Each structure stands twice: as C-alpha cells, then as structure tokens.
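Reader: I have a fold to go through. Take me through its contacts, sheet and surface, please.

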Amino acid sequence: MVRNLIIPLLLILVFSSCQNSMENNNADTFILSGELKRGGGIDLYFQELTTNELIPVDVIATDSTGSFNYTNQLHDPSFFLLRIDDLNYLTLLIEPGEQIFISGDAGNLLLDHQVKGSSGTALLSKLNKQL
C-alpha cells in the first residue's frame, strides 16, 4: 500500500519542481523590443553598465523597418546602454520580468524616444531629457 503511494508522490514532486523551475526562468527573463524611425538595418549595441565598466552583452539587429526584438535572462535589476554609436544611446534600468517597448528616432535616440513597460527606464529617460 505504501509503495503504491510513493511512486505517485515522487511523480508529483518531480513535475511540481519542473514547473517551479520554468516559472522562475520566466520571472528572470526580460524582453526588449521596439521600432526606430530611420533605423532600418542597423546594429544596436547592448551593453551592461557597471560601476567600473561597460560590458558588451549582445548586438541587436533591426529589420528593414527599424523593428527589433530581444530576450535575455536577468536575475537582478541592472543598468544597460542601448547604443547606436558613442553619442547616440539610451540608458536603461531593466528589472527581471519586464517587457519593454522603445520607439523613437534612430538619428537622435538620446532625446527622441518613448519607453513603455519599464518604470525605472522611464524615470531615467525623463531625467536625461531634462539635463
């Protein structure tokens, strides 16, 4: 009788731990997407901004219309740069689980952009525009 209960209990335990693992992975994922006017076919340089350095993370290619979509893992809130060149960039404060949409002009991303889905990035954006 006890043996008949052990196998179903083990199966339940295994399936629930797999489900929890999948939920944790989704919570640690962020999505960064957007559409940039005059941004068709360009590369966006995605870099982590630490206290000491800029760490290259990835290069995000836009399609012919300037649209892009990027997904990555993140365990803690972190600062990033989404950069077209050294003078044309956007500072992001990304938290795990965020789905961020950026629209704007690739010719002047620093001042001509809108951000949805990230309250930290929206505050940074407001600050940068006022400086």
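Reader: Among contacts between residues at least 6 apart in sequence, what share joins residues at least 24 apart?

Author: This is a predicted model, where local features need pLDDT of at least 70, side-chain atom pairs count only at pLDDT 80 or more, and totals for chains, interfaces and linings use all residues. Residues are numbered from 1 along each chain as its sequence is written, and side-chain values use heavy atoms, with hydrogens and water left out. Contact means heavy atoms within 4.5 Å. The share is 51%.

Reader: In what order do the elements run from the N terminus?

Author: Helices (H or I, at least four residues) and strands (E, at least two) are DSSP runs, numbered from the N terminus. The protein has 2 helices and 8 strands. Their order is α-β-β-β-β-β-β-β-β-α.

Reader: Why is one side of S3 and of S6 left without a neighbour in the sheet?

Author: Two strands pair if DSSP finds at least two bridges between them. The open sheet has 4 strands, paired antiparallel in the order S3-S2-S5-S6. S3 (54-61) and S6 (88-94) stand at the edges, so each has a single partner strand.

Reader: Which residue of S6 is the bridge partner of Arg 83?

Author: Strand S5 covers residues 78-85. S5 and S6 run antiparallel, joined by 7 bridges. The partner of Arg 83 is Tyr 89.

Reader: At what angle does H2 run to S6?

Author: Axes are lines fitted to C-alpha atoms, for helices over the stretch in contact; angles run from 0 to 180 degrees between N-to-C directions. Helix H2 (residues 119-130) lies across S5 and S6. Its angle to S6 is about 140°.
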